[in-house]
Amino acid sequence: MKLFIAEKPSLAQAIASALGSVQKDDGYFSVGDNFVTWCFGHILENFQPEDYDAKFGKWNLDDLPILPQTWKLKITPSCSKQFKVIQSLIKKADEIVHAGDPDREGQLLVDEVLDFVGNKKPVQRIFLNALDDKSVKSALQNLQDNKNFSALRDSALGRSRADWLV
């Protein structure tokens, strides 16, 4: 079974439609042996300082800078139901297709979910600049290895961590 993880519902709908006859379920689409699901933007968020240590819950200049030894993520509370759907589908999948937006944030959004659940399954990447049927079908014929885009992910991760530190 192939699982497509889109960055947002509209992208998931476009992919599912291009794949064929669609059945909508709670948090995903079934298309034959394939499944298409979606994130809602950042479905995971960085720990806040007080998540690392309760003493950081009240700002104190003497505690700065706060430099996590290991960066941690947690499920965004408003996205917990959808996260469980994605996690369940990842467990069932034989192969995953990363369908984040074609930019650094889109790369990070799906990669961080895959990392968070400890995914070891093969991941391909689809790049979509348009959601019309012809564009989606063409992109489906040109999947690439997701590992080729680690620099894009690292760029977004660096920006995210720099924002957190500042």
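Predicted model: local features only at pLDDT ≥ 70, side-chain atom pairs only at ≥ 80, totals over all residues.
Me: Which element gives the largest share of the largest nonpolar core?
Reply: That core has 19 residues, and Ile15, Val36, Ile126, Leu128 and Val136 touch the most other members. Elements giving two or more residues to the core are E1, H1, E3, E4, E7 and H5. With six residues, the largest share comes from H1.

Me: On which side or sides of H5 do its buried residues lie?
Reply: Good one! In H5, residues 133-140, the buried ones are Val136, Ala139 and Leu140. Because they cover an arc of only 105° around the axis, they sit on the same side of H5. Their cover includes strand E1 and helix H1. So the answer is the same side of H5.

Me: How are H1 and H5 oriented: roughly parallel, roughly antiparallel, roughly perpendicular or oblique?
Reply: Their axes are 9 Å apart, and the packing angle is about 80°. Angles of 65 to 115 degrees count as roughly perpendicular. Therefore H1 and H5 are roughly perpendicular.

Me: How many residues of the contact of H1 with H5 are nonpolar?
Reply: H1 brings Ala14, Ile15, Ser17, Ala18 and Leu19, while H5 brings Asp133, Val136, Lys137 and Leu140. Of these, two are charged and one is polar, and the nonpolar ones number six.

Notes. Residues numbered from 1 in each chain as written. Heavy atoms only, no water. Buried < 20%, exposed > 50% of the residue type's maximum accessible area, 1.4 Å probe, protein only. Helix = DSSP H or I, 4+ residues; strand = E, 2+ residues; numbered from the N terminus. Arc of directions from axis to C-beta. Contact = heavy atoms within 4.5 Å. Core = buried A, V, L, I, M, F, W, Y, C linked by side-chain atoms within 4.5 Å. Axes fitted to C-alpha atoms, helices over the stretch in contact; angles between N-to-C directions. Parallel < 35°, antiparallel > 145°, perpendicular 65-115°, else oblique. Nonpolar A, V, L, I, M, F, W, Y, C, P; charged D, E, K, R; others polar.
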